[in-house]
Amino acid sequence: MAGGYELLKPATVQQRPSPRQSGYRLASVVVIFALALFLFFRLDPSFLTDELGVPSPPVHDEADNLGQCPPSTAPVAYPPAPINPWTSLTVKEIAQIQKWLNAPEQGLNLTLGDIARPSDNHVYIIEAHYPQKSDVLHYLSSPSISSLPPKFARVVIHHGAALEPVVTNYLVGPLPIGPQTTLSHFTDIYHIDTIPYNARAFDARDWSAPEIYSKMAAPLADALQELFGGTAAGLPNDTLVTGGSGPFSFDGSFRRMWLGWRRNAPGPYLHPLNLYQYIDMSGTDPSQWKQLKIVYNHQVFDTTESFMEALHNGTLKRTSSTQEDLDLSWSTRKRIGQQRDLDHLPGPRSVAFAGLRFRVDRQLQYVSWMGWGLYLGFDRDMGLSLWDIRFHDGRIIYELRPQDALAQYAGNDPFQATTAWLDRYFGMGYAVRDMLPGYDCPYGAVYLPATTFGLSGIVSRDRAICIFEHDSERPLTRHLGYDKDEFGAVKGYQLVIRSIATLGNYDYQFDYIFHLDGTIEVRVSASGYLQAGYWDPDQRHYGSRVWETTMGSLHDHVINYKVDLDVAGPANSLLKTTTSQEVVTQPWFDEDWGNEVIQQTITREYITNEDDALLKYPDNFQGGYSFVNQGETNKWGTVRGYAIHPGYSPIHGTVVGSKRLLKNANWARYNLAVSRRKDTEPSSSSVWNMNLPGAPPVDFHKFFDGENITQEDLVAWINIGMHHLPQSEDAPNTRTNTATASFFLTPLNYFDHDVSIESTNAILLQTPEKPGDPFAYEDYGVQPMHCIPQPPSPFEYAPVQIFDHAGEAVEFTSIEDMRRSSELYHRIKFQA
């Protein structure tokens, strides 16, 4: 044993004979002859028939028979524990909890979410509560029912009927529901006592009240028709819609947003109209909600009457955009242009000729591959998460989970300039929909389901997560050499676990990529539609013109991850490594060059206080940061660790000090930060942080209070993202090849050598004794297989499954309802 794992025993290379030996020649003749026969009969198939049109019985050599490839079914997995402590609640469990909460003895006076108004009490979230780490580790160390942590649900209730409406978090449990089940307040993880009601989470039914249409849209009907040739009458054929910008509050004392008008066309986000309304939705009574301001073409009006008066008396400065017979098809995804050469043929696809090489337990949501093993979790706020990630039977990571996604915009209009989204607010997990087989994930991928609770009901998707192995098409390692056993390559296979969330206009693709050497790559790619602004020359400093009156607005994306590394155990230290320049004088330097050499040198130091662990990458990336266990060394006496490597676009937020991001996204100021792990600090953000920048429920800076971080259980909070300077090629949709960001977690002296050398999907070549002879090789018995691939399943796509709060299957009442639950505040269609 070395460093906690077993070294491979050296094996004798069994050289294969030279292909020029007699057997190889005979095989070559047979292959050439067979190929000639194939081509001959391919050109004139009548030779294969006794009579014209009557085929003869096929004649095959049994050795040449091609069988059907194995189906894309993952072999059974062997998880280290029989119960996943992080598994999501089932539809049945959620329905039971809802029923228990509705019972009169609970005294909550609840209205079902699908009919509740802002002035009602209703349940907003029901989901599994993740148990404490110490309890889980105890269970995993000795799995049994007696050691399993008790199961609880996290429940969020909007108390709109209270004298002072608030949002309250609860824990319900232990589960399943029984006499021992209780309801208790859950406040330990927040920095404020209560969540103000004006900061409450997303509610699409804010727009279902007739007062909203009558106050916001109806008074502008004449202007909408005259200026834009459109209507917003709350009817199915409306040609105009709006979208909202956030945040909606600073400290919970108000709830206000800017509405930006757009054309109701495919990709409405690309059709802004330069008309904006600032509205007040404070409180629980929609009849008291009101408009505060109108801005049209940079002109500000305090009332609808003054705006309409300017329209009618001719003093309104109008935009030059055309109004009628507009061609809006440019924002669709329908193919245009001449078909490219050979593009009528389907492209290559991966086939697992020998069957899938990863294991999946669908019920437990456990996955293993090539020495890796991990459990999956899924929640409403951020979707897919990974737990208890092990490699070579050692835990590397306890928790790997996205925390929030910031998108802050710029512009010369009230909508773009005030937008600072924190997408956790909308629910990244709730926004996950089924993936497109063969497009979002390759044919042969294995799909796993996910269930979340929402106002419209319990949402279940069969294809929320996909898992597949693919060939990176580049060797993980290789070298051409001439000494014995130094020439060869290891194939660069990877396992990918993926989920995609669509939040209105943007689609976020979350990838977790596992490598054979113990490296994990975490990657986010973005596509979908820009949140576009209205183009005029005054906008040139804030974006690029992408169509006639459409501007792609400058914005930042910053996505924060929590990485709870346990490197050779939970006790870890933060190692900072930097390189710098030095001048060295040595007596052996050649006098021809002088007696000085300028070269690099390495500096290693431990960061011991978490206040010093709010970090940015060194200039020119000259160095980096690692988690190491000072109590564990490899064979060479070096402390074992895992390094945090920047990948694509390792950015942090640009804007600091904006009131809309004053304290609620402090994590975005850094490339990474390291704090001491606490169960009371499970996340860097919360659902309500977006609407409470002045007093956020989770203030990330409060995690850093001077504690020691030497040989403690530590957490890395890592940022990736994009400085998105849009261009015309972002229309109709942004491309994932450029809008992508990543980081790597990779072994740093964790092993004694590169463990990918264990792979038998490799080749080792030996130099021939005689120049000109071919190289002998060893492929370890793993040779390419060939079979008839299983035909891909016919493409099909269906909406998510919806269950009511009693757990009974239901359907959306209309396509518009389906859109409303998916497009959120990013597309608002008024209802009369």
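Tutor: A residue counts as buried when its relative accessible area is under 20%. Keep in mind that this is a predicted model.

Student: OK. How many disulfides does a search of the whole structure find?

Tutor: The search turns up 2 disulfides. A disulfide is a covalent bond between the sulfur atoms of two cysteines.

Student: Which cysteine is joined to Cys-69?

Tutor: Cys-69 is joined to Cys-787, with an S to S distance of 1.9 Å. The two belong to distant parts of the chain, 718 residues apart. Cys-69 is in the loop between β2 (54-55) and α2 (91-102), and Cys-787 is in the loop between β39 (776-778) and β40 (801-803).

Student: Are those two buried or exposed?

Tutor: Cys-69 and Cys-787 are both buried.

Student: And is the disulfide of Cys-69 and Cys-787 right-handed or left-handed, and why?

Tutor: The torsion about its S-S bond is about 105°, so the disulfide of Cys-69 and Cys-787 is right-handed.

Student: What about Cys-441 and Cys-466, how far apart are their sulfur atoms?

Tutor: They are 2.0 Å apart, and the two cysteines form a disulfide. The link of Cys-441 and Cys-466 has -80° about the S-S bond and is left-handed.

Student: Why is Cys-441 called buried?

Tutor: Because its relative accessible area is 2%, and the cut-off for buried is under 20%. Cys-466 is buried too, at 0%.

Student: What pattern do the disulfides follow?

Tutor: Counting bonded cysteines along the chain, the pattern is 1-4, 2-3.

Student: Changing topic. How many residues of strand β25 are buried?

Tutor: In β25 (residues 520-528), 8 of the 9 residues are buried, and the strand is mostly covered.

Student: In which sense do β24 and β25 pair?

Tutor: Strand β24 (residues 506-515) pairs with β25 in the antiparallel sense, over 9 bridges. Within that pairing, Tyr-506 stands opposite Gly-528 in β25.

Student: What do β24 and β25 form?

Tutor: They form a hairpin, with 4 residues between the strands. In the turn, Gly-518 has a positive phi of about 95°.

Student: And how many bridges are there between β25 and β37?

Tutor: There are 6 bridges between β25 and strand β37 (residues 740-748), and this pairing is antiparallel. Here Ser-525 stands opposite Thr-740 in β37.

How values were computed: Residues are numbered from 1 along each chain as its sequence is written. This is a predicted model: local features need pLDDT of at least 70, side-chain atom pairs count only at pLDDT 80 or more; totals for chains, interfaces and linings use all residues. Side-chain values use heavy atoms; hydrogens and water are left out. A disulfide is a pair of cysteine sulfur atoms within 2.5 Å. Buried means under 20% relative accessible area, exposed over 50%, partly exposed in between (1.4 Å probe, protein chains only). Two strands pair if DSSP finds at least two bridges between them.
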